[in-house]
Amino acid sequence: MDRLACVDVPALPLQLLLKRSPGWASDPAAVVDRDRPQGVILWANGAARRCGVLPGMRYAAGLSLAGGLRAGEVPEAEIRDGVGLLAERLRRFTPDVEPSAEEPGIFWLGAGGLGRLWPSARQWARELRADLEAQGFSGRAAVGFTRFGTYAAARAGLGGGLALFRTPAEETAAARKIALRDLGLPPTLRDALERLGVRTVGAFLALPPDGVRERFGPEAHRLHRLASGRAWAPLEPVSATEPLLRRLDLDEPEADVYRLLFLVKRLLDLLLEDLAGRAEALAALDLRLALDGPGGRTEERVERLRPAAPTLDGRQLLNLAHLRLEAAGLGAGVLGVILAAEPAPATAAQLDLFRQAPRRDPEAADRALARLRAELGEAAVVRARLCEGHLPEARFRWEPLERMPRPEPEKESRDTPVRPLVRRLWARPVPLPPLGRHDPDGWLLRGEECGPVDEKIGPYVVSGG
C-alpha cells in the first residue's frame, strides 16, 4: 500500500494576514468578511479566542470583547497565491502534491518511493515542517496510508503536529479516537452530534450510513463514507507550471545592438511557439541581460517590455526590444540573454494567425538561392542527401538544390502497433533455437528464459564498409 501524507496549514487566511502585518502577531487579530452585513469574523488567532472572540461573530461583537482587536480582509486571489506558494515549496519534498479544493491549507502528498532520498519518513516530515516554518507558516503533518486517516491526524495535531503510522491498522485505530470537534465540522452538525453523545470518529462510524444521510444530510453522509473507507479517491496531484523562459549564453561580449537583436529573435520565436502550444499569448516580456561590468564582474539588467495587448506577433515584440536596447545602451557588451514571458489567454484568432504564418518564407529562400547561383555558379548550391551506409562518408551524398523543400501537409495519425526490437549483447555468440519450435516450458539461454522464436531479423552489420 502506497504511503500518503497530509499537511495542514491551519487557518491559512489568518496566517497570510499576520504574515502581511507581522506587528499584529501578539495582539488579538481576526480575518473578517466585510461583504456581509456588519462584517463577520471568519478566523481568529489565539489571543482573540482567549478574549472570547470566535468565528461567526459580528466584528462589532468581537470588538466589544477585545478592545484592541485587529481585523483585515484576505481576498480570494491572495489565498490562491498562498496555496500556490505552499504547493511549490512542498514539491521540493515530493513531486505529487494535491491541494484541497474545499479547505485552503490542506495538502495531500505522495510519500512513496522516497527512501533513497530521505533516511526515514519521520525525517522527511520533520524537514518538510521546518521548511514551512522558514517561510513563515506553521503547519502539521501526518504520514500514513489513507486520505481520511492522515487528514484527521493532521487536523488534530497528533504527535505534537508530526504523526507517523507504521501500519494501516495503527492509523485506523488512532483516527477512531480523534474528537469530531478537531475536524472542523460545520457548527450545526457538530452540535447535533454532540447532543446525541457522538463526539469521536469511532462513535460517528458506529452510526448506520443510511441513518446519517437521512438525519444529517449529504455532507455528513460523505464524511461517514470517507471515514469508513467506502469513498476512496486516488491522489490527483497538480502538475507544476514550468516558467516560460529561454536563455542564451555568449562566448564573447556582444555590444552591437543589431547582432544582439538577431539572437533575441531566435529566442523570441521559440518562446512564442511555447506560448501558442499552451493556447496563451504574451502579455509582458522580461529581457534580462548579463552585462560585462568593470573589473570582470557580471551585472544584470532587466528591461520589461509590455505590448499594447497580449500578442503572438514576434515582429511587434522585436520592434519594442529594438527601441529599448537602443535607449538603454549595452556598455562593454552582453554575456547572456534570458527572455521570460508573462502569459495571458490567447484568442482563437491569434492562435490561427500564429499557425498560418510560417517562421520562414520558402519563396524568399528560393530568391536568395537564385542570387547565389547567379554569382557563384550553378553548382554552388547543394544539399546533403542521407544514404544507407556504415562509414560516416558513406551515409550522405551531395546533390543540387533547385528550391527549398516545402513542408508536407499533416497526415491523419493512425495508431499502428510497433514491434519492439530488443537487443542483447553476448561476449560469445549464442545460437537461437530453430524457427517454429514451441517448447511449452520455454528455452533457457545462460540462465535466462526466452520465448519461442517465430521470426529472425538481421543479421546487422556493425563494422566494415
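This is a predicted model: local features need pLDDT of at least 70, side-chain atom pairs count only at pLDDT 80 or more; totals for chains, interfaces and linings use all residues.
Q: Okay, so what should α14 span, and how far apart are its end C-alpha atoms?
A: Helix α14 covers residues 314–328, which is 15 residues, so it should span 21 Å. Its end C-alpha atoms are 21 Å apart, in agreement with that.

Q: Nice! Which residues of α14 are buried?
A: They are G314, L317, L318, A321 and L325. Looking down the axis of α14, these buried residues fall within an arc of 100°, so they line one face of the helix.

Q: And what do the buried residues of α14 pack against?
A: They pack against α13 (257–277), along with β10 (280–292) and β11 (298–305).

Q: Which exposed residues are on the face turned away from the buried side of α14?
A: That face carries R315, L323 and A327.

Q: What happens at the start of α14?
A: A side-chain oxygen of D313 comes to within 3.1 Å of the backbone nitrogen of R315 there.

Q: And just after α14?
A: There you'll find G329, which takes a positive phi of about 80°.

Q: Switching topics: how many disulfides are there?
A: The count is 0, taking a disulfide as a pair of cysteine sulfur atoms within 2.5 Å.

Q: Is C6 buried or exposed?
A: C6 is buried, as its relative accessible area is 0%.

Q: What about C387, what is its relative accessible area?
A: For C387 the value is 22%, so C387 counts as partly exposed.

Key:
Residues are numbered from 1 along each chain as its sequence is written. Side-chain values use heavy atoms; hydrogens and water are left out. Buried means under 20% relative accessible area, exposed over 50%, partly exposed in between (1.4 Å probe, protein chains only). Helices (H or I, at least four residues) and strands (E, at least two) are DSSP runs, numbered from the N terminus. The expected span of a helix is 1.5 Å times one less than its number of residues. The arc is that of the directions from the helix axis to the C-beta atoms. Contact means heavy atoms within 4.5 Å. A polar contact is a pair of N or O atoms within 3.5 Å; within protein, one must be able to donate a hydrogen and the other to accept it, and residues adjacent in sequence count only if both atoms are side-chain atoms.
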